[in-house]
Each structure stands twice: as C-alpha cells, then as structure tokens.
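Me: I am new to this structure and would like to go through it by question and answer. Please show it first.

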Amino acid sequence: QVQLVESGGGLVQPGGSLRLSCAASGFTFSIYGMSWYRQAPGKERELVAGISRSGSTRSYSDSVKGRFTISRDNAANTVYLQMSSLKPEDTAVYYCGRRWPPPNDYWGQGTQVTVSS
C-alpha cells in the first residue's frame, strides 16, 4: 500500500536550517507530482511546495518562497524540503503529500518542526 514516511524535523533556532525527507513506497513514485504541506496549531493545513514528476517544475507558497527548496530523487523514491532562514511562524507539523498539483490523495504521518530560541 501507499506509504509516505517523513523525517528530519526537530527544534531549530530562528535563522537556522533543516532538511526534511519523505520516503515513498507502494506506488510508482516517478509518475506522481509530490508536495509538502504544513499545519500549525489552530490553523488549516496549507500547501507549502510542490514539484512535478521530473522535478523540472516547482512551486512555493508566498510565505516560504526564497527560503525553502523542494527537490526529489526518483531513483531513491524520496522528496526533500530544504528549509533555510527559518522563522518562528514556520513552526508546524510538516506533511508529505502524493500528487501535485492538488488535490492530494495520500499523506504521511508528519514531522514536527519547531523554530524557537
């Protein structure tokens, strides 16, 4: 069955960096666009970044543009989110999603990112 397993979250100081990974299995990874979403406490889940099947097209929300980079390795069935210049408002649970553009059809379990001094 479809599995998406995120890793790489943690506690980081403002201005710091983290790299999230999402290992995919149970489907043909290379034929799906992939995405990263996040959900902060008390807020709705929002789309942060998306990447096409080949990786040639990428899209970002305005809130992370210029600071986050989405990438993928189709040989490793993995999608990444490199996060830099992190801000306290980036604190959220980050989820990997299958399909981009939306709508998403599968989620991972999420990984917590906390930006705090």
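Me: Is Asn104 buried or exposed?
Reply: In this predicted model, Asn104 sits in the loop between S9 and strand S10 (106–107). A residue under 20% relative accessible area is classed as buried. The relative accessibility of Asn104 is 16%, so Asn104 counts as buried.

Me: Which backbone oxygen does the side chain of Asn104 reach, and at what distance?
Reply: The side chain of Asn104 makes a polar contact with the backbone nitrogen of Arg98 at 2.8 Å. Residues touched by Asn104, leaving out those up to four places away in sequence, are Ser35, Tyr37, Gly97, Arg98 and Arg99. As for the backbone oxygen, the side chain of Asn104 reaches that of Tyr106 at 2.7 Å.

Me: How many residues apart in sequence are the parts that the pair Cys22 and Cys96 ties together?
Reply: The structure holds one disulfide, formed by Cys22 and Cys96 with their sulfur atoms 2.1 Å apart. Cys22 belongs to strand S3 (residues 18–25) and Cys96 to strand S9 (residues 92–98), so the parts tied together are separated in sequence by 74 residues.

Me: Which residue in S11 stands opposite Ala92?
Reply: S9 and S11 run antiparallel and are joined by three bridges. Strand S11 (residues 111–115) has a covered face made of Thr111, Val113 and Val115, while Gln112 and Thr114 form the uncovered one. The residue of S11 opposite Ala92 is Val113.

Me: Which residue in S11 is the bridge partner of Val12?
Reply: Strand S2 (residues 10–12) runs parallel to S11, and three bridges join the two. On the covered face of S11 lie Thr111, Val113 and Val115. The bridge partner of Val12 is Val115.

Me: Is Asp62 buried or exposed?
Reply: Asp62 is found in the loop between strand S6 (58–60) and strand S7 (68–73). The cut-off for exposed is over 50% relative accessible area. Asp62 has 69% relative accessibility and therefore counts as exposed.

Me: What is the distance in space between Asp62 and Leu11, C-alpha to C-alpha?
Reply: The side chain of Asp62 is joined to that of Lys65 by a polar contact of 3.3 Å. Asp62 and Leu11 are 51 residues apart in sequence, and their C-alpha to C-alpha distance in space is 23 Å.

Conventions:
Residues numbered from 1 in each chain as written. Predicted model: local features only at pLDDT ≥ 70, side-chain atom pairs only at ≥ 80, totals over all residues. Heavy atoms only, no water. Disulfide = S-S within 2.5 Å. Helix = DSSP H or I, 4+ residues; strand = E, 2+ residues; numbered from the N terminus. Buried < 20%, exposed > 50% of the residue type's maximum accessible area, 1.4 Å probe, protein only. Polar contact = N/O pair within 3.5 Å; in protein donor to acceptor, adjacent residues only side chain to side chain. Contact = heavy atoms within 4.5 Å. Pairing = 2+ DSSP bridges.
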